[in-house]
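This briefing covers a model with two lettered chains, read topic by topic. Please keep the sequence and the coordinates open alongside the text.

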Amino acid sequence: MDIKNLTIISALEDLRSKKITAVDLVEACLENIRKHNQDYNVLLTVEDDDKLIKQAREADATDHSSPLSGIPIVVKDMFSTKNLRTTAASKVLENYTPKYESTVTRKLKEAGAIIIGKANQDAWAHGATGENSDFEPTRNAYDKTRVAGGSSSGSAVAVALGMCLAAIGTDTGGSIRVPASYNNLVGLKPTYGRVSRYGVVAMASSLDTMAHVTKNVTDSAHILNITAGADPYDATSIKTDPEDYLKSLTREDLKGVKIGLSPDFKMATLDKKLVKKIDESLKLFEKLGGKIIEVPLPHTPESVETYYILVPSEISSNLARYDGIRYGNGRSHFGAEAKRRIMIGTYSLSSGYYDAYYKAAQKVRTLIIKDFTSAFEHVDVIFAPVAPVLPYKIGEKVNDPLTLYLMDIYTSPVNLSGLPSLALPAGFVDDLPVGIQIIGPPLSESRLFSIGNAYEKQ
Amino acid sequence: MNTYQPIIGLEVHVELATKSKMFCGCPAEHFGIEPNTHTCPVCLGLPGALPVPNRKAVEWTILLGLALGCQINEHSKFDRKNYFYPDLPKGYQISQYEEPLAINGSLEIRNSKSEIRNIRIRRVHLEEDTGKLQHTTVNGKDISLADFNRSGVPLVEIVTEPDFRSVDEVDQYLKKLQKIVRYLGISGTDMEKGSMRLEPSISIAQIAKHSRSYKHGKDFEHKLPDYRVELKNINSFRFARKALEYEIQRQTEILEKGETPTQQTRGWSEAKNATIPQREKEGESDYRYFPEPDIPPLRISNEQLAIINKQIPELPDAKSTRFQKEFSLTEHTSNLLAEDKSVADYFEEAVKNSLAASPSPLTPIIDVANWIINKKIDINQTLPAELIQQILRSKQSSQIDESELEKIIVQVFAENPKAVEDYKKGKLQVVGYLIGVCLKKGNFHQAQIKEAVEKKLRNV
């Protein structure tokens, strides 16, 4: 059975009408894993076949009324999964098996999902290409020689290669949107706090969001319906009840929708090859009836600098617990990128430097947030590219961290501001996928889905 | 010629007696509990676990702040204090740095010269306790074991300005602080169990003979000595006293030689009866404090504050003053009664009981006070109403005719010949039995009966 183009929604229909079984789905995933995992380095841990088939049989014994009944899902290796190894793609946690379940994976399981395995990623989610994995980089589903995009590299490629129907990842500075775009998929980074962070290895706590990658907007809305909500175990989770996001997918056109475009975003180093494609995508929004309005975001050019002070600061503290006493491996097992970020962060927080770095960056962060707040007084959503370049060749930039940091130019301001953003496929350049994103004000996920759905239908 | 003036400041840690820990649902109780049984992903600092602040602990810290006359910050937040130690599973302690819950309070004490001294309280903040290491030998190998039952127990830190000028003042402050915390019912403040811990810092100022005396803390603000010795490992008030006295002498001797004592941390060694240097401290350690991103900032509303304020009970000083006024007791007696809230409450309940018998009270209030203080009444065993009856009985029985008592004893002995025989054979424990029987027959004071029964037995 070919599941590469199968969405969750149609799979559920087929399951409920008994056209297919959950066992069929799981076997198809396992087949694709056998075929591709070795080459593409997608999954770090695959659940035992027997256990998966057993779960599928149990799902098939029901009427599949649960929202994710029998649906195979892959989870980024940042999420604690009880009794299933969780490494964050770092050698430090190579032998760590959690004794507890993250809120997101618990909710998925309760909804009937079958967790196929744990996805490769940049170690600790530090990276935009996937090459910082301590266990071989994941390869792009459209070109094996190129990067998959990161840090949720394995999550995106697992969906693209049919190892699951949807995958869960995290997005701290673009980590779901970049790999989704690089593999022609839909990636949602929800509002900060909309989805619980409990049980997910922390990268930068004030920016981390629990995101997911799917084949279309409807599936994305469906997954958010399950993962969103307040969590008594996460003090930063948003108390407001989530909406029914599937109900938002009614729009056929974009009449009356004001779409913001920032000249400040254009200043960034967008690869010339991409300009035409991105413009075409924007034209499509106009064709659907959307009105393009220029909005200034004057502080966003400072986003990358701000991001690379605040994020490493939080990282240096969040990684302190891996002290070699628990979890087996010591601090010498940290990879180069983790070490670099620990050092930058430790420096930024040190007395004498705190005011000049951490505190100054916090102030700029506030200005960036204000930019967006003002912009959303005039527009409904803001349009932007996802990545400024096409996927690099694997190894092409590994010795150039500064260039790699600039990959976050369009994505990091969104995380600094805690906003939701939906990354959508925009076609191909040189046979490689390109993505755009629509950014909304806090808790505007329904709006993003509704606009994204209209765009996707074209 | 110089005189020397000790300058002492205090950091006191008090573990809150909340049911659950500071940031998770584990029981906060840890003393004498099997190691690592009161733990969960949060207090073990497992990857991905997140802290959720304990509302009660926040309220109690505010309560203590208010009781110490502090200003409560409308905006408060938690910060991370980053340092490595094997008993700190996250590699940082969640504490409060920039915006503690309470600041700028004070506590009035009376020193040995009967001078009223106002000790300024710089801040009262909330943090989490660490785990505990046990250094032990297993199979002949020296090893360290970590117990995380204590990890994440709520801990309040009360920091004073360097306002103490003598060891006695420190002693008075600690006793008063302990009393207040116990009154509020927020901590056992048991030094032996570690639920109250002290860290004094001490330095000695040299004062030229002609300069005016340094009585008030403020005079020192620009003249504090440029070094400071922190004292650790002090687990009783007595050790605090000894360690401070030792330091005063040690530092004075160094100053006499024209040298400056080293800025350092010293621990009290009971075995050596001396303080000994711990790790050297050069200036401030770099804890890389920054705002805890896992916990949103706290906002304390006026409404919340008003509700908490209402929970402050009458505190020891106020209670003592009221007892003096309301019951015409001496300051000494009132203070003794107000020492412990449950004793004070018991006293008032007993008095109420006595006064309820109109038109005239059953017994004078001073008698009730004296009985409670002098006879060490077990307030958990004797109900207040029973106490009044006991006092009454003792008064009546003391007036009872000696011959009446004699008659009863004769009767009891006659009715219990075997007991009397047993006594003669040397079974002395029958005395208790005979006293008990007599007690049932008349309204006597126990001591009075005991004396009479024993006397009679000796004469049989």
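A residue is called buried if 20 or more other C-beta atoms lie within 10 Å of its own, exposed if 12 or fewer do, and partly exposed in between, with C-beta atoms placed from the backbone. By that count K76(A) is buried, having 34 other C-beta atoms within 10 Å.

The model is predicted, so local features need pLDDT of at least 70 and side-chain atom pairs count only at pLDDT 80 or more, while totals for chains, interfaces and linings use all residues. Residues are numbered from 1 along each chain as its sequence is written, and chains are lettered from A and ligands numbered from 1 in the order in which they are written.

**Chain A overall**

- The secondary structure of chain A comes to 15 helices and 13 strands; helices (H or I, at least four residues) and strands (E, at least two) are DSSP runs, numbered from the N terminus.
- The radius of gyration of chain A is 20 Å, close to the 23 Å that the globule rule gives for 458 residues, so chain A is as compact as a globular protein of that length. The radius is taken over C-alpha atoms, and the rule is 2.2 Å times the number of residues to the power 0.38.
- Along its principal axes, the C-alpha trace of chain A spans about 60 × 60 × 45 Å.
- Of the 458 residues in chain A, 60% are buried.
- Among contacts in chain A with a separation of 6 or more, 78% come from residues 24 or more positions apart. A contact means that the C-beta atoms of two residues, placed from the backbone, lie within 7 Å.

**Annotated site in chain A**

- UniProt, in an unreviewed entry, lists K76(A), S151(A) and S175(A) under "active site". UniProt positions are given in the numbering used here, feature names are shortened, and annotations may be inferred rather than shown by experiment.
- These residues span 100 residues in sequence, yet no two of their C-alpha atoms are more than 10.9 Å apart, so they gather at one spot.
- K76(A) belongs to strand β2 (residues 72-76) of chain A. Leaving aside neighbours within four places in sequence, its contacts are A119(A), Q121(A), S152(A), G154(A), S155(A), I168(A), G169(A) and T170(A).
- S151(A) sits in the loop between β5 (143-147) and α5 (153-160) of chain A, and S151(A) is buried, with 36 other C-beta atoms within 10 Å.
- With neighbours within four places in sequence again left out, the contacts of S151(A) include Q121(A), D122(A), H126(A) and S175(A).
- The peptide bond from G150(A) to S151(A) is cis, with omega near 10°. Most peptide bonds are trans.

**Contact between the chains**

- The contact takes 28 residues from chain A and 24 residues from chain B.
- On the side of chain A that touches chain B, the elements giving two or more residues are α10 (303-318) and α11 (336-349) of chain A; α10(A) gives the most, with 3 residues.
- By class, that side of chain A has 12 nonpolar, 11 polar and 5 charged residues. Ala, Val, Leu, Ile, Met, Phe, Trp, Tyr, Cys and Pro count as nonpolar, Asp, Glu, Lys and Arg as charged, and the others, Gly among them, as polar.

**Chain B: domains and strands**

- Chain B is assigned domain 1 (2-307), domain 2 (314-399) and domain 3 (402-459), with bounds from an automatic or database domain assignment.
- Taken over C-alpha atoms, the centres of domain 1 and domain 3 of chain B are separated by 59 Å.
- In chain B, 3 strands form an open antiparallel sheet in the order β5-β4-β15. β5 (92-95) and β15 (290-291) of chain B stand at the edges, each with a single partner strand, so one side of each has no neighbour in the sheet.
- Strand β4 (residues 79-82) of chain B is joined to β15(B) by 2 bridges; two strands pair if DSSP finds at least two bridges between them. D79(B) stands opposite P291(B) in β15(B).
- β8 (residues 132-138) and β9 (residues 141-147) of chain B pair in the antiparallel sense over 7 bridges, and K132(B) stands opposite D147(B) in β9(B).
- β8(B) and β9(B) form a hairpin with 2 residues between them, and N139(B) in the turn has a positive phi of about 50°.
- Of the 7 residues of β8(B), the number buried is 0, so β8(B) lies largely in the open.

**Chain B: positive phi**

- Most residues other than glycine have a negative phi.
- N104(B), which is not a glycine, has a positive phi of about 55°. N104(B) lies in strand β6 (residues 102-110) of chain B and is partly exposed, with 16 other C-beta atoms within 10 Å.
- S114(B), also not a glycine, has a positive phi of about 65°. S114(B) is in the loop between β6 and β7 (116-128) of chain B and counts as exposed, with 6 C-beta neighbours inside 10 Å.
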